[in-house]
Amino acid sequence: HAHAALTQSDPLAMASTLKWQAMLAVATILLGSTSAFCPTPMLPQSRLVAARAPPALALRMMQGMGGGPPAAVAGDGPIPFTVEMRNKAMSLHTFSQAPKQGQQRDTRNTQMDDWQTTEDDFLQFLVDNKMVYEAFEKAVQEPGLEVFQQTGLERVAALDADIKMFQDKFGLKVPSFSESAKAYADFLISQAKSNQPVFVCHFYNYYFAHTAGGRMIGQKVMDQLMGGDLIEFYKWKGDVKEILTEVKVKIDAKAASWTRAEKDASLDATPETFQKSGLLLRTLVGRAKDRAALMTNKVQKKGSIITSMSPSSYASLKKPWDV
């Protein structure tokens, strides 16, 4: 309105405006768009929204690894459920893990230089993960979950190769799976049958975590044990970001048929996914902590068995995945 009032009262401004509009008309004919020439104040508000709103595929791409979800834009419609899932998961991270979205306070870091993960520790971690991933691949055979078959995120074959490699390279005997791994596997099978929104929460958080933070933890261990060589567990056929994007589309399509109560139940299961997967991660960090405690005489033991440990803020406050 201020621009219109100015041109009406100033003949020179009016002439300049007419000349500018003529240039825009030529640009529109030649290029099919005025976006490169037209200053935003001269566009109608509806055109502004259309110009700024990303296409649906681009929106999904931005929801992937690294950074938070895109800001809501007028006309985008409902927020995809995977954005809600990611926001919930990120809220359980600490400030140092996720500076923009973490909501958990960091606790005193008492890790020591001599806390080293051994080949045996990591082999146990691989065996436990194989048990859990086998359960996921079995669970998605249930009616209603078939869409999550053959997504490209499957890990059992890769874990088989890595377990054999560790066995051959280091001369190790393959251990049995832990009680925590077996309990989690049984839980997943039961949820796939009885509560699929909760199962999908575990599916999302477990698979996606091993492509992000879990992958970084694995890389750190590989740096210690194998000079930085990356094992098959942390390799995917194709671009893993593209695979994750496709899986998120499938999760959003699945969740579209849920009630709000079912979606909330799925989101509420997020802390449990951290707790259960964190028990498996303890194989990597927990045993090392126990060894460090023995080395620094902070424990009491009977034979080779630790019977008690001095209380610490780390033991009481550290989150399972806050490693």
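The model is predicted, so local features need pLDDT of at least 70 and side-chain atom pairs count only at pLDDT 80 or more, while totals for chains, interfaces and linings use all residues. Residues are numbered from 1 along each chain as its sequence is written, and side-chain values use heavy atoms, leaving out hydrogens and water.

**The whole chain**

- The chain holds 14 helices and two strands. Both are DSSP runs numbered from the N terminus: helices are H or I with at least four residues, and strands are E with at least two.
- Of the 323 residues in the chain, 39% are buried. Buried means under 20% relative accessible area, exposed means over 50%, and partly exposed lies in between (1.4 Å probe, protein chains only).
- Take the contacts between residues at least 6 apart in sequence: 70% of them join residues at least 24 apart. A contact means heavy atoms within 4.5 Å.

**Helices α5 and α9**

- Helix α5 (residues 81-91) packs against α9 at an angle of about 70 degrees, and their axes are 11 Å apart. That angle makes α5 roughly perpendicular to α9. The cut-offs are under 35 degrees for roughly parallel, over 145 for roughly antiparallel, 65 to 115 for roughly perpendicular, and oblique for the rest.
- Axes are lines fitted to C-alpha atoms, for helices over the stretch in contact, and angles run from 0 to 180 degrees between N-to-C directions.
- From α5, T82, M85, R86 and A89 meet V200, C201, Y204 and N205 of α9. The residues of this contact are five nonpolar, two polar and one charged. Ala, Val, Leu, Ile, Met, Phe, Trp, Tyr, Cys and Pro count as nonpolar; Asp, Glu, Lys and Arg count as charged; the others, Gly among them, count as polar.

**Two loop residues**

- Q150 sits in the loop between α6 (119-139) and α7 (156-170). Q150 counts as exposed because its relative accessibility is 71%.
- Most residues other than glycine have a negative phi. Q150 is not a glycine, yet its phi is positive, at about 50 degrees.
- T211 lies in the loop between α9 (196-209) and α10 (213-226). At 2% relative accessibility, T211 counts as buried.
- A polar atom of the T211 side chain lies 2.7 Å from the backbone oxygen of F208.

**A glycine in α10**

- G218 is in helix α10. With a relative accessible area of 0%, G218 is buried.
- G218 and I231 are 13 residues apart in sequence, and their C-alpha atoms are 8.8 Å apart in space.

Conventions: Polar contact = N/O pair within 3.5 Å; in protein donor to acceptor, adjacent residues only side chain to side chain.
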